[in-house]
2 protein chains.
Amino acid sequence: MRIACWQAACEAPGLPRFLERLRAVARRAADAGAELLITPEMSVGGYPLRPATLAEAAGPLDGPQCEAVSAIAREFGIALVHGWPESDGPDVYNSARLVDPHGTTLASYRKAHLFGDVDRTWFAPGADGVVQASLGGLTVGLLICYDVEFPEAVRAHALAGTDLLVVPTALMQPWEFIPRTIVPARAFESQLFIAYTNWIGERHGLRFSGLTTVAAPDGTRTVLEAPREDLLITEVDPAVITAARKATPYLTDRRPDLYTP
Amino acid sequence: MRIACWQAACEAPGLPRFLERLRAVARRAADAGAELLITPEMSVGGYPLRPATLAEAAGPLDGPQCEAVSAIAREFGIALVHGWPESDGPDVYNSARLVDPHGTTLASYRKAHLFGDVDRTWFAPGADGVVQASLGGLTVGLLICYDVEFPEAVRAHALAGTDLLVVPTALMQPWEFIPRTIVPARAFESQLFIAYTNWIGERHGLRFSGLTTVAAPDGTRTVLEAPREDLLITEVDPAVITAARKATPYLTDRRPDLYTP
């Protein structure tokens, strides 16, 4: 399956402008043959959140914000992952949603590991665990940013059969160690593909690092090295997963009896 | 605490010759102010094992092979980690032992994750889990080679308070991804020091990769890049652990309720 990761430049927020940009990128990704377009953490609304963006971007699952994204998926016949502040009663979650090329919700996930005050000021922690859906013959899983830094969270996906782990992120300086080392380690040790899709540029005093990375289970990776908006288009080949799991059988060589005191 | 990792060249096996070399290295490490000298996997006997080396190198914990190493620790007043084929009734384990500067055994660990036929032909799997000892104000833990590639095994050490994880290894080509990416990731994600000490050169058709690495919890590392025998001498500073755990509180931000189905 060909996928496209949109390393989006930080711009002043505003839903209409975001949707206009997303529409242009979806067209470009579909023209390039991608079946799935992945956008950064909190792509609807921007990260970090502010009161004005919360008011405009927050909504329930399959509310108007989600529907606006679905319309773009439908228009270009491309599956799409987006983030948004998901409201549910009095709570707001840092959520990501996968829609199919018809704009139908396949999966929705609430960030479980909140990162410092920048998350905790705004969001309730999710309690979803492993969230997956089937797309183009692959089992696709969802995590968000800080989640992927916990090896246990990725391992749980691998043991549940995830082939492609989609990770919208908002990684800021000076944490480049994460895309450079942690994300490739996760893909290798848990034997799945990881599509880690980041913002680039500055917003509200935070400098986002780019370095959008697709890491493969054989230790290889493709990275957007240039610090600018770009689209990373690459293939997720199940044969690579099969070969890697044969070469390093981590999932069957585990000794779970030894890992808890 | 200053430590020394001996990246040992593969030589024809033979216990007397090995002890002679170890003695020279222990002197050099002690002269450099190191309090702990770490040697590669199965340093007594060589890796991979062969019938002749098994006959000469195998023995019980605190048997003659262990005692010969203890005598060197005592002579130079330096703690020491060595590997050897540990016999216990009908079984042989791929073991590592930590002795203090008086030559007394502080801890002994049996490799739990056996790597392919090269291990399984010779060894029974250990069932020790976390093995630790106190040395120079640090909690020192032991894993061996393939063990460290499992994030769960390192996490168990971190949660049990290990500050310095000593990992004798026999890493061969083409697995350089392990010292380059996995070992630094483990140190960062589990917030401890890892001293990964490898062979260099060829033995029985296997080419060992060197790249002996001490990885710190802040993402920094020191590496022996040159493909030759050498001694890596570096500091393990508890203040680095404290600062890293404050900067990235992985150990307290975990959500263990979400990691099992």
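**Exercise 1. Work out which hand the crossing of α5(B) and α6(B) has, and describe the packing around it.**

Start with the hand: α5(B) passes α6(B) in a right-handed crossing. A crossing counts as right-handed if the near helix is turned clockwise from the far one by less than a right angle, and as left-handed if anticlockwise. The helices themselves are DSSP runs (H or I, at least four residues; strands are E, at least two), numbered from the N terminus.

A quick word on the model: it is predicted, so local features need pLDDT of at least 70 and side-chain atom pairs count only at pLDDT 80 or more, while totals for chains, interfaces and linings use all residues. Residues are numbered from 1 along each chain as its sequence is written, chains are lettered from A and ligands numbered from 1 in the order in which they are written, and side-chain values use heavy atoms, with hydrogens and water left out.

Next, the geometry. Two packed helices are described by the angle between their axes and the distance between the axes. Here α5 (residues 151-159) of chain B packs against α6(B) at about 40°, with the axes 10 Å apart. The axes are lines fitted to C-alpha atoms, for helices over the stretch in contact, and angles run from 0 to 180 degrees between N-to-C directions.

Now the residues. On the α5(B) side you'll find B:Pro151, B:Val154, B:Arg155 and B:Ala158, and they meet B:Arg186, B:Glu189 and B:Ser190 of α6(B); contact means heavy atoms within 4.5 Å. Sorted by class, that contact has three nonpolar, one polar and three charged residues. For the sorting, Ala, Val, Leu, Ile, Met, Phe, Trp, Tyr, Cys and Pro are nonpolar, Asp, Glu, Lys and Arg are charged, and the others, Gly among them, are polar.

**Exercise 2. Decide how covered α5(B) and α6(B) are, and check the span of α6(B).**

Take α5(B): eight of its nine residues are buried, so the rest of the structure largely encloses it. Buried means under 20% relative accessible area, exposed over 50%, and partly exposed in between (1.4 Å probe, protein chains only). B:Glu152 and B:His157 are among the buried ones. Just past the helix, B:Gly161 has a positive phi of about 100°.

Then α6(B), residues 177-190: 13 of its 14 residues are buried. From first C-alpha to last, α6(B) reaches 19 Å, close to the 20 Å expected at 1.5 Å a residue; that expected span is 1.5 Å times one less than the number of residues. B:Gln191 follows, with a positive phi near 60°.
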